[in-house]
Structure formats: C-alpha cells, structure tokens
Amino acid sequence: MHTDGVGTKVLVAEACRKYDTIGIDCVAMNVNDIVCLGAEPLALVDYLALEKARPGLVAEVMRGLQRGAKEAGVAIVSGETAIMPDVVRGFDLAATVVGLVRKNRTITGDQIEPGDVVLGLRSSGIHSNGLTLARSLLLRDKAKPKVLRELLRPTRIYVKPILKLLSAGLEIHGLAHITGGAYSKLKRLGTRADVGFLLNSLPKPDWIFQLIQSKGRISDREMYRTFNMGVGFLIICTRKAATRVTKSLPEAKLVGVVTDSLGVTVSIDGREVEVERW
C-alpha cells in the first residue's frame, strides 16, 4: 500500500484555472512509487478536500483521475470529498493505492552490487515535486503562459513499461521513482545494498530546470536534490540484463553505474557533484 498527494501543484492548477490534469498527477505519484517494489497497482481510492463546494472543479479533477487510472491500469474503487472551510484554503488532493507482488519477487534493492548499471527514463517535466520552490521563483510576477503550462504538465506514469520488463523475467535489481528528494532518494536502495551511485551520463536538463536554477541561483547539488532534472525513473540491473532492457524498452538510456563509494554523485560538465552520502 502507498499513499501520496500532489503537494502545492494544486496552487499551479488554481493559477491556471485548469483542473483536468491534476488527477493524473495524483494517480502517478502513487502508482509510480508502488511499482518500485515490483507491485502491480490494483485499486486506488482518492480524497479531495475543498474550502467550499465547487462542482466544476470536482468534475475536472475526476476526469484527470479517470485518465490517470486508465493509463496505469488501476481501478478507482472509491473516494471521499470533504468541504472544510476552517481547514482548507482552495483544495487538496491525495490518494491511496493497493498493489500486488509475490513475496519472492519483491524488489528491495538487496541484490544491487558494484558494476551494475543505472538506466533512466525521461520525465515529462517538473512532475509534482519542487513546486514550492519553482512557484516562489517563477510566479512572483505575472508568469508567462508557457511557464504555467510547463509547471502544470502532468507527471508521467511509468507503470506499464516497468511491468512489461518485470513480466519478461529480466534481472532487475532496483527501481527508483525520482520524486521528492530527487536523486538523494537512491539512499533507500544504496543503504540496503551497501553501495553508491555515479550518475555520469544524465541528459542535459530541460529548459524549465535551467530557468529555475538561473532565477534562483541555485547550486547544482540542490537542483539534483530537489528536481528530477529530466529523468523521472531509474532502473538498476546487471550489464547483461541492460542489453535486454534497452531492447524491450528502447527509451531506457544508460545514465550511470553502481559503485562501492557510498553516496550519490552526479557528473555535470566534467565536474562531480556529491548529492548525498551515507
């Protein structure tokens, strides 16, 4: 089981007065996390809290939830809507998902070892993390429509391509959804296997991340601890398995290697930046 929400991305939806994609984010933030354990998402329940009754907003949010659920192959079996003017300003959206995995097929990261490789799948943009910082930098003045649209772009759902790999019986040692904490989240896997990660082939960050970094004069370390920087999901496997993974999923690109140096290091323009240590 897993539960998650969309954070302050609801404020971006309010700024855009567009609510038909935020439900996709809500589904994505849950199913992308649970599939990291090798679990197939089965059922989801949502919780929508509002300051006041807003039937139009609710209908749009529901459309997004439906689209996200269809893309993830998960059933929305129930939900709850609450109007709480004393607690909520605007609205908040969260959900809980239940998935199924056989115990002997649970992916915990225990099998990761130095020499394994890290493959990355591109993100669809900023996803649903780091929005508080992004908003503080980009929405202080009247934001350009292009920026608002980019911040609202829904989180990519990775369930089907990942389940395809797992159903093929490929030797996957670890999976990571790059969300809150960004690449520092690899600590969950690294501490279990007593390994580290050198990400030396990440793609050039999308323009939205470059804009945020420039506006806020943010260090490379903090950027890679806050944002996905263009890669939303990581697959860790043996070099031998990587050939089959990329054949089955051509978009998966080599972005790094597993090392015996405990921590996460990102190589940027020939410089190595330490993102996390353990």
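## Lining of the largest pocket

In this predicted model, the residues lining the largest pocket split into seven nonpolar, nine polar and five charged. Here Ala, Val, Leu, Ile, Met, Phe, Trp, Tyr, Cys and Pro count as nonpolar, Asp, Glu, Lys and Arg as charged, and the others, Gly among them, as polar. A pocket is an open set of points on a 1 Å grid over the protein atoms alone, where a 1.4 Å probe fits, with protein on both sides within 12 Å along at least five of seven lines; lining residues have an atom within 4 Å of a point.

The space in the largest pocket comes to about 530 Å³, counted as what is filled by probe spheres set on the points, with points joined across faces, edges and corners. Of its 21 lining residues, Gly-38, Val-101, Arg-105, Ile-107 and Leu-166 are the closest to the centre. Helix H6 (159-167) and strand S6 (172-177) are the elements giving two or more residues to the lining, and H6 has the largest share, three residues. Helices (H or I, at least four residues) and strands (E, at least two) are DSSP runs, numbered from the N terminus.

## How H1 meets H5

The axes of H1 (residues 9-16) and H5 (residues 145-152) come within 9 Å and cross at roughly 140°. Lys-9, Val-12, Ala-13, Ala-15 and Cys-16 in H1 touch Leu-148, Leu-151 and Leu-152 in H5, with contact meaning heavy atoms within 4.5 Å. By class, that makes seven nonpolar, no polar and one charged residues.

## Ground rules

Residues are numbered from 1 along each chain as its sequence is written. Local features need pLDDT of at least 70, side-chain atom pairs count only at pLDDT 80 or more, totals for chains, interfaces and linings use all residues, and side-chain values use heavy atoms, leaving out hydrogens and water.

Definitions and conventions:
Axes fitted to C-alpha atoms, helices over the stretch in contact; angles between N-to-C directions.
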